[in-house]
Amino acid sequence: IRQVIENEVPILVVYHDADDHGWQFLSNIEKKADDAKIVSLESITRIDPSVFQVATIPPGFHAWRASVTSDWTIAETPKEEEN
């Protein structure tokens, strides 16, 4: 999302989409379609190198954390929750 790219909010949620194997890097703010951005994974890792810790989650899984200093939790994404 735009706010992550512009360093306004931290990355707190990561989805590895099952359908297209794309990645989503989100925070704890409301998502709006206008804020969506397509960027390289390299750009994301420059913004927050800690995403390397979840870079191996398989498609159909997601990870989340309470803050940038918290550990990541990984779980399968329920079908209805996939974004």
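Visitor: What makes a set of residues a nonpolar core?

Guide: A nonpolar core is a set of buried Ala, Val, Leu, Ile, Met, Phe, Trp, Tyr and Cys residues joined through side-chain atoms within 4.5 Å, where buried means under 20% relative accessible area, with a 1.4 Å probe and protein chains only. The model is predicted, so that local features need pLDDT of at least 70 and side-chain atom pairs count only at pLDDT 80 or more, while totals for chains, interfaces and linings use all residues. Residues are numbered from 1 along each chain as its sequence is written, and side-chain values use heavy atoms, with hydrogens and water left out.

Visitor: Which residues have the most contacts inside the largest nonpolar core?

Guide: They are Ile-11, Val-14, Phe-25, Val-51, Val-54 and Trp-72, in a core of 16 residues. Strand 1 (13–16) and strand 2 (23–26) each supply at least two residues of this core, and its largest share, 3 residues, comes from strand 1; strands here are DSSP runs of E, at least two residues, numbered from the N terminus.

Visitor: What does Val-54 touch, not counting residues up to four places away in sequence?

Guide: Val-54 touches Val-14, Trp-23, Ala-63, Trp-72 and Ile-74, contact meaning heavy atoms within 4.5 Å.

Visitor: Why does the radius of gyration agree with a compact globule?

Guide: The rule, 2.2 Å times the number of residues to the power 0.38, with the radius taken over C-alpha atoms, gives a value near 12 Å for 83 residues, and the protein has 12 Å, which therefore agrees. Buried residues make up 36% of the 83.

Conventions. Buried means under 20% relative accessible area, exposed over 50%, partly exposed in between (1.4 Å probe, protein chains only). Helices (H or I, at least four residues) and strands (E, at least two) are DSSP runs, numbered from the N terminus.
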